[in-house]
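Biologist: Please take me slowly through one part of this model, namely its pairs of oppositely charged side chains, because I am still learning how to read such a structure.

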Amino acid sequence: MQQLGKTLWGIADQLRGAMNADDFRDYMLSFLFLRYLSDNYEQAAKKELGSDYPETPRDVMQTLRVNTPLEIWYNENPDDIYGFERQMRRKVHYVIEPQYLWSNIAELARRQSSDILSTLEKGFKYIENESFEKTFQGLFSEININSEKLGRSHKERNDKLCVIITKIAEGIAIFSTDSDILGDAYEYLIGQFAAGSGKKAGEFYTPQQISTILSKIVTLDSQDPSAGKKVKLDKVLDFACGSGSLLLNVRNQMGENGIGKIYGQEKNITTYNLARMNMLLHGVKDSEFEIHHGDSLLNDWDILNELNPARKIVFDAVVANPPFSYRWEPDNTVGENFRFKNYGLAPKSAADFAFLLHGFHFLSDEGVMAIILPHGVLFRGGSEERIRTKLLKDGHIDTVIGLPANLFFSTGIPVCILVLKKCKKFNDVLFINASKDFEKGKRQNTLRQKDIDKIVETYQFREEKDRFSRRISMDEIAENNYNLNISRYVDTSEEEAEIDIHAVMSEIKNLETKRASLDKEIEGYLKELGIV
């Protein structure tokens, strides 16, 4: 499944040279996305035109000085182009003129055309500006094909792009390129580029193993997880969605028709574009998702600011991996915001609870929220203690899961998953201490499939396992001043075996007797040698 991704990553690793992973990522993934859009568009055009679609061999096209069959149709039917493109906007919601299709771009690159820079620039703008839906607007805005990182002169940049595009085209050519294959390759490359980005990777990528845990949890029945997976999720939200991988994982758990609509929000413009590309590449129609570019803490998304309870949008599942201990600057009015006024504000030094309360506010009564946070939220004092205490007293914290250290590209610290519900069935909190269950790696630790299954099954059936999980009553938590430090409740240390002092003394005496015997034997040898 990942062979195309591995092939493309090999090409990226070979070609990027001194360019850092972040910069080269944007070129590589944009070209892969252009390939997907082009294939999808040409297939739709072929279906729309039927028998009028030219079936022209490559050698004939070269004689005609064209690179795509659609270009032949455009040349032969100039009066029908407007009507055709109107139909394409209605059916696939975007238009790509023949000269901007990947097959034409790849052929120009193969011939080392001196015009590849301008063709790409015009093509990206055309797709953005001539699309029917806002999903495509600004999609390539962060791709700087005139960057000096590609080369100092126009010719150097043009030549570099020709090489990159040609290698990508050759790498893709030997594989099936349906949306699933391309989507998997895109996801694989995001992970590989994240590994090369170090701390910056935290801005856009949640490791798949952790993403799978969150996704499996929020798709189980909220009141009785042991009953299994929900049949349908109407709306799913990730308010710090990065490249969208976590949302796609939830969709994968539910199946293509198991979610009504996906909602995501992302502050970083480049990552926001990655998320939209990722959705489309995985076959999510533009009518099935909405990604907003904005700041969740400021809550600048209009659809989340509806104060009328009858029209307020709520979500059946909320998942998030927000930036850890993010510094923020709430003004005097933020404390009265509907998301925070019942709980108070998170401290300026760590917005962890601000992110949590933002997502929790929009959770439906029958929904489940799973959020990744640093361990500090479990025990820090001050305003965080007040927020944590109220959430516990109101019966909203359902499960606390401690994960091993060094699972993320961006940090080596251990993190936890908090599972929250507006209405929960059990009057206790399940603690899962999974800090010891992992496979150690050279640079990064990983959760094995059995580790993931153990965590999810323990949550699902609310099991108590020795040195792994316990159900803690609210009375015991209150006795601990609402401190949720996992080690207080689930101790993973192994008990030391009792020592039989009499057996140890007997063993020492036996060893002393053997030593005395050996000393006499050695002394005899030395006398024979005349040494003593």
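Biologist: Which residue forms a salt bridge with Asp352, and how far apart are the closest N and O atoms?

Modeller: The partner of Asp352 is Arg380, and the closest N and O atoms of this salt bridge are 2.9 Å apart. The two residues belong to distant parts of the chain, 28 residues apart, with Asp352 in helix H13 (residues 352-361) and Arg380 in the loop between strand E5 (363-374) and helix H14 (383-393). Helices (H or I, at least four residues) and strands (E, at least two) are DSSP runs, numbered from the N terminus.

Before going on, please keep in mind that this is a predicted model, in which local features need pLDDT of at least 70 and side-chain atom pairs count only at pLDDT 80 or more, while totals for chains, interfaces and linings use all residues. Residues are numbered from 1 along each chain as its sequence is written, and side-chain values use heavy atoms, with hydrogens and water left out.

A salt bridge here is a side-chain nitrogen of Lys or Arg within 4 Å of a carboxyl oxygen of Asp or Glu, and a search of the whole structure finds 25 of them. Side chains of opposite charge can pair when their charged atoms come close.

The surroundings of the partners can be described by their relative accessible area, where buried means under 20%, exposed over 50% and partly exposed in between (1.4 Å probe, protein chains only). Asp352 has a relative accessibility of 0% and therefore counts as buried, whereas Arg380, at 24%, is partly exposed.

A second pair to look at is Lys421 with Asp398, whose closest N and O atoms are 3.6 Å apart in their salt bridge. This pair also links distant parts of the chain, 23 residues apart, since Lys421 sits in the loop between strand E7 (415-420) and strand E8 (428-433), while Asp398 is in strand E6 (residues 397-402).

Finally, consider Glu55 and Lys46, whose side chains meet in a salt bridge of 3.2 Å, N to O. Glu55 has a relative accessibility of 58%, so this residue counts as exposed, and Lys46, with a relative accessible area of 41%, is partly exposed.
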